[in-house]
Amino acid sequence: MSLSTRSLRKSYGASRALNGVSISAVPGRVHGLVGANGAGKSTLVKVLSGAIRPDSGSLTIGDWTGSALTPRMAQHLGIATIYQDPGLAPTLGIAENILLGREHARFGALLATGSQMSDVKDCLDHVGLKKPLKTPAGALSPADQQLLEIAKAVYRRAGTVIMDEPTAALGDADRQRIFEVVQRMRSAGVAIIYVSHHLQEVLDLCDDVTVMRGGEVVLHELTTDTVVDDLVTAMIGHTIPPRKVEARALGDVALSCRGVTQAAGLQDITFDVREGEVLGISGLVGSGRSRLARVIFGIESFEAGTMTLYGRPYRPRSPRQAVKSRVGLVPEDRKRDALLMFLSAGKNITLPKVPVRHLGWIRLRSETRIAKKWINQLGIHPPNPRTRPIAMSGGNQQKVVIARWIQAGSRLLILDEPGQGVDVGARDQILAAIRAAARAGTAVILISQEVEELQQIADRVLVMRRGRIVGEIGQDEISEETVIPLAMGSMQQTSEKGSRG
Amino acid sequence: MTVDTATETTASRGEALRAWMQEHRAKLALVAVIALIVIITSTRSPVFFTWGNLQNILVQVSVVGILAMGTTLLMVSGGIDLSIGSGVSLCGVVMASLMALGWPPLSAVAVAVLMATVIGASTGFLAAKSDNHPFVLTLGVLTLLQGFAFIVSIGPVTDIPASFIDVAYLKPLGIPVLIWIFAAVTVVVHLILRYTTLGRWLYAIGASESAARLAGIRVHAVKVTVYAISGLLVGVAAVLMTAQLSSAQPQMGMGLELAAIAAVAVGGTPLSGGRGDVLGTLLGILLIGLIGNSLNLLSISSSWQYVLQGGVIIVAVLAQRKS
């Protein structure tokens, strides 16, 4: 079903989230929507799904026109919204999740009719989710959970599907599965709005692309007429000069792993990382890249092999011991594992190393001073140590976590997907912060699926697959052509797309 | 306001005020309700607005207030201890029985407080080991302690030396000793939460246990510590309550945990933890004490007092919803 908006406006206090936004989605076409954090994408998605009411403007869906939707009306009009974090009932099975709210009840007893079940199976086939119908949604991989969300939309015969960052947490192979489903829905005549930070992905997948900035549409083009640089320029309003990793002398070996092996997981991991070095680690989801971070940080143990940190044997049994050895981890899921959303940014920064007098008496003044210093140094916005992370953009939240470990004096900093869910401009600042830490002598292990990110900052890249390091790539050779085939395990140099279904 | 906002425009100062009010809306609502009760009651009862009556109120709430302070620490860290009421019963009867056996009061008090602290620490240890919410676990401890209290004494223990009871009626500087102790506990708990690393870790664990652990905080040790502190306060409450009643009986603490949790929750500390402070709890305690006191003075039957108290708690909790 076609969907269009006219001059949508929405303000929160003095800030305008939407400032006259008109966009449209057409059946059988995929409309990409990109923009920096805070550009208004999320607000627009929420207006379209009925979660918030615009101040003015109008919406047209099929032959319905009105000034606002409610979630119920949106559903009734065939709009389905698929968020980055799927809203599934984790303990219910696949079929139960699809049927949730649509069960046929007879005298209060739930009965799934035969035709319902065959519909469910059709939907699952359509999205390519091949798991037993009773598998609890919580036991599915993130990619399968996304597919289940899409299957739900298909089951409800949604005519318009809005996808908000569906691939943000997924590896390349899993992304491919989502793309295929999107293409299948497109051929089935669904109108799709596709929100993403992955610009190349948007250009490859979508028919049209709209760029938002400051609550306004600043660019609307056919993707065939657009390249990534155009989008970046439109998003940030100016061009980012390409950066090269500067040559610099590396210091002593900081962390050295020799044959680190787990019963199930890491196999024979051997590498060194030096002071001032940025060591990139790449690999698909499940390749062991995050596991390696957990082992170094004392969350997981290992059975065989040794680690040394600055020449001393190192075998942390808890994150606390890792922190005491001045190792820091910026985890993949910053909301769950790093940030205290309702405590001030300042308290978040000083958490591992609060300035104290004695008996644990906190020196509040120096704490504020320290927090301000790091907020300024990393350009955290808003520059107020009292702001809570909940009120910050993803990029600034990430900078708070990085500031935490630099403040704690980490000699080895591990970052697991620091650029995930963060817009281009903020990602650049995060990379700059990492670079600054490395220049100051910190050894950095940067885990990333974004080859571009590694290209910009890593001194070399180790590629992992199935718990092993399968290759090392020097700074000048880092590219999708070198990294992806190693990560995927294909012998010939295939391009990123189509190498695995 | 802070140094940061001082330099900013008046517009952002208005914004800051709004943010502050939003932040403290639970407390503002409490202050409003308390003011309302004070105004209504003082127009109808000449006794209400007197120093003597205020002392009455504070003495009445001091035991549950002390327990509420421990519960504040627990709830900020995302924990809870339902066993504190039966802990008061057990420690009360143990202490009274020891005194009845001829122990010197000071030793009996020391045993009671030490026992309460050890029980608290053990509960904390179990809570730290368990993956489940401590609600059910401490419900088990509640029942266990209640059982032990009955084993120690099936009925009231009244054979308590007068020298012990008299202490509860001391009035240093004209203020009852119970109020002094309640005040001291309040101040210490406030200082812990606001100015110490322990307090910071409690907020961190309540906000996100996994983030706290990954920041290098000893989550288990902190949990044992906070349950032990709450246990220590249970011991203090048991001593004061026994002195106040001039006896101990195995059900003396029944329901105290619910009153304490209600006061903390009404004061704006959510069950999920990560937020809250002592001032809110203090207001919550005052509200509960005031309702009982003013309804007494207005000679409203105690059955209606329950109804009104429950109603006020419900309204206060609903008023804390996020807009």
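Two residues count as in contact here if their C-beta atoms, placed from the backbone, lie within 7 Å. With that in hand, I can start with one glycine. This is a predicted model, by the way.

The glycine is B:G280, which sits in helix 14 of chain B. Leaving aside neighbours within four places in sequence, B:G280 is in contact with B:A26, B:K27, B:G267, B:G268 and B:T269. Take B:A26 from that list. B:G280 and B:A26 are 254 residues apart in sequence, yet 7.8 Å apart in space, C-alpha to C-alpha. Is B:G280 buried or exposed? B:G280 counts as buried, because it has 23 C-beta neighbours inside 10 Å, and the cut-off for buried is 20 or more.

B:A26 takes us to helix 3 of chain B. This helix covers residues 25–44, so to speak of its length: 20 residues, reaching 29 Å from first C-alpha to last, close to the 28 Å expected at 1.5 Å a residue. The buried residues in helix 3 of chain B are B:A26, B:L30 and B:T41. They cover an arc of only 30° around the axis, which means they lie on the same side of helix 3 of chain B. On the other side of that helix, B:A32, B:A35, B:L36, B:I39 and B:T43 are exposed. What do the buried residues of helix 3 of chain B pack against? They pack against helix 13 (256–266), helix 14 (278–297) and helix 15 (302–319) of chain B.

Next, helix 6 of chain B, residues 105–129. Its 25 residues reach 36 Å from the first C-alpha to the last, close to the expected 36 Å at 1.5 Å a residue. The buried residues of helix 6 of chain B include B:A108, B:V109, B:A112, B:V113 and B:A116. Further along the numbering, B:I119, B:G120, B:A121 and B:A127 are also among the buried residues. What covers the buried residues of helix 6 of chain B includes helix 5 (84–100), helix 7 (134–152) and helix 12 (219–245) of chain B.

As general background, nonpolar side chains tend to be buried together in soluble globular proteins.

Now the contact between the two chains. It takes 20 residues from chain B and 24 residues from chain A. On the chain B side, helix 10 (197–207) and helix 11 (209–214) each supply at least two residues. Helix 10 of chain B gives the largest share of that side, 6 residues. By class, the side of chain B that touches chain A has 8 nonpolar, 7 polar and 5 charged residues.

On to chain A and its domains. The domain assignment gives domain 1 (3–236), domain 2 (243–326 + 411–416 + 444–493) and domain 3 (332–409). The centres of domain 1 and domain 2 of chain A, taken over C-alpha atoms, are separated by 35 Å. In the contact between these two domains, 5 residues of domain 1 meet 5 residues of domain 2. The domain 1 side of that contact has 2 nonpolar, 1 polar and 2 charged residues.

Last, some backbone details in chain A. Phi of A:S7 is near 50°, a positive value in a residue other than glycine. A:S7 is in strand 1 of chain A, residues 3–12, and is partly exposed, with 13 other C-beta atoms within 10 Å. A:R157 also has a positive phi, near 55°. A:R157 lies in the loop between helix 5 (142–155) and strand 10 (160–164) of chain A. With 11 other C-beta atoms within 10 Å, A:R157 is exposed. Finally, the peptide bond from A:H381 to A:P382 is cis, with omega near -5°. A:P382 is in the loop between helix 13 (364–377) and helix 14 (394–407) of chain A.

Key: Residues numbered from 1 in each chain as written. Chains lettered and ligands numbered in written order. Predicted model: local features only at pLDDT ≥ 70, side-chain atom pairs only at ≥ 80, totals over all residues. Helix = DSSP H or I, 4+ residues; strand = E, 2+ residues; numbered from the N terminus. Nonpolar A, V, L, I, M, F, W, Y, C, P; charged D, E, K, R; others polar. Expected span 1.5 Å × (residues − 1). Buried ≥ 20, exposed ≤ 12 C-beta atoms within 10 Å, placed from the backbone. Domains from an automatic or database assignment. Arc of directions from axis to C-beta.
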